[in-house]
Amino acid sequence: MTALGASLTLALTACGGDDGGSAGADDPIVVGVSLPLTGDFSEPGKGVQRGYEAWAKITNDKGGLLGRKVELKILDDQSNADRVVADYEQLIGKDNVDLVVGPFSTRLVVPAARVAEEYGMLFVEPAGAAKEVFEQGFKNLFYAAPAVANDHYNHLAEYVLALPSDQRPKTAAYAAMDDPFAQGTAYGLKEKLEAGGVRTVVDEVYPPNTTDFGSIAAKIAASKADMVVGGSQYQDGVNLIVALQQLKYQPKLAAFSTAPTNPEFAAAIGNKTEGILSPTGYTQDAKYPSNTEFVEKYAAQFGSPPEEDEANAYTTGQVVAAAVTAVGCAEQGECQKKLVEWVRTNTVETVVGPLSWDETGKPKGAHMIQQWVGGKIQIVLPAAAKETDLVYPKPAW
């Protein structure tokens, strides 16, 4: 479903389930969210929207929450931090939604979380993974994924530094979008590799709206770095890879955040994907009971399987639903304090596995590492979760 204009309200009708005879049982539980459906983050923003829609539909098909249907009220923040603040002010203060969930991108999560904190609202979010999110002192925020941005590449860092010295990359080039999440993923790996002796020869930061990567690609190619790391969202990652391909730069290892997991990625870079790595907190093949259901019903709803952005949004919904069900309420006021306390002290089973959080709202987990092998992206690290062996050095692209 595509959102047209600034606002979209999705009233997803419950299929079955009684009203429990409680007061207000015929009223929906309204969940407010602002998403970047236009602007720089619109591609992943729409994925997050689909994840929330899938959660609402599956929940409603089972009778809703507390016997009431779930209704999503979605606003378009246009990828703008000022707009996202105004949106959550409207959702909570004017529209009086019962619950709120988070937007996409750390750039939007932090200002949105400040509004939620001001109103005392539980704020579970699917995409604010940069370390600064958890340094703000938020008491109500919880990130619904296995690990924060700086820890996304932990398994890859361990792999690289464990290689024999004559095989280990000696130099690395980094290019990251000026975005807390994108930089967090790249620099989390950079910090660990530098500590292990891998020398940084290029370190470039570019604005979010960058489309021409010719000069950055030229610096990386000229450095002849053994490995390249892109702190990317989607289109920027694609454009940088294409620019590097055109210069015939052939690294031994290439890792890019987010972009390689997008279903359009392979075609966008000319199907020259072999060996490209990316961290992920989600795989469609995970055997968690709720994930099996999610993949099947999401595909029936949207015509294709869910990706990580969709899964993180769905996970956000699962966390909120678990709290609402356990506490037995869903409205502004004292109920929100109970919801926050419940999430802080419990573990929730989700499509990305069991989640629990520290006092800052940071999840206590780690991301898996995927690699394009044999024309498809597969889990290669850690060993306990791998679907195939990591290919190193990377084949030519």
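The link between C329 and C335 is right-handed, with 100° about the S-S bond. It belongs to a predicted model.

**The disulfide**
- C329 and C335 form a disulfide.
- Their sulfur atoms lie 2.1 Å apart.
- A disulfide needs two cysteine sulfur atoms within 2.5 Å, so the pair C329 and C335 qualifies at 2.1 Å.
- The count by this rule is one disulfide.
- Both cysteines, C329 and C335, are buried.

**Strand β7 and its two faces**
- Strand β7 covers residues 171-177.
- The strand is mostly covered, with seven of its seven residues buried.
- In a regular strand, side chains alternate between the two faces of the sheet.
- On one side of β7 sit T171, A173, A175 and M177.

**Partners of β7**
- Strand β8 spans residues 199-206 and runs parallel to β7.
- Seven bridges join β7 and β8.
- One of the residues involved is A176, whose bridge partner in β8 is V205.
- Between β7 and β8 the chain passes through helix α5, residues 180-195.
- This β-α-β crossover is right-handed.
- Strand β9, residues 227-231, also pairs with β7, and these two strands run parallel.
- Five bridges join β7 to β9.
- In β9, A176 has G231 as its bridge partner.

**Q49 in helix α1**
- Q49 is found in helix α1, which spans residues 42-61.
- Its relative accessibility is 2%.
- Buried means under 20%, so Q49 counts as buried.
- The side chain of Q49 makes a polar contact with the side chain of E53.
- That contact between Q49 and E53 is 2.8 Å.

**The annotated span**
- UniProt, in an unreviewed entry, lists residues 28-375 as "domain: Leucine-binding protein".
- In the model, the end C-alpha atoms of residues 28-375 lie 45 Å apart.
- The span is 41% helix and 18% strand.

Terms used:
Residues numbered from 1 in each chain as written. Predicted model: local features only at pLDDT ≥ 70, side-chain atom pairs only at ≥ 80, totals over all residues. Heavy atoms only, no water. Buried < 20%, exposed > 50% of the residue type's maximum accessible area, 1.4 Å probe, protein only. Helix = DSSP H or I, 4+ residues; strand = E, 2+ residues; numbered from the N terminus. Pairing = 2+ DSSP bridges. Right-handed = clockwise from strand over helix to strand, strands pointing away. UniProt positions renumbered as here; feature names shortened; annotations may be inferred. Polar contact = N/O pair within 3.5 Å; in protein donor to acceptor, adjacent residues only side chain to side chain.
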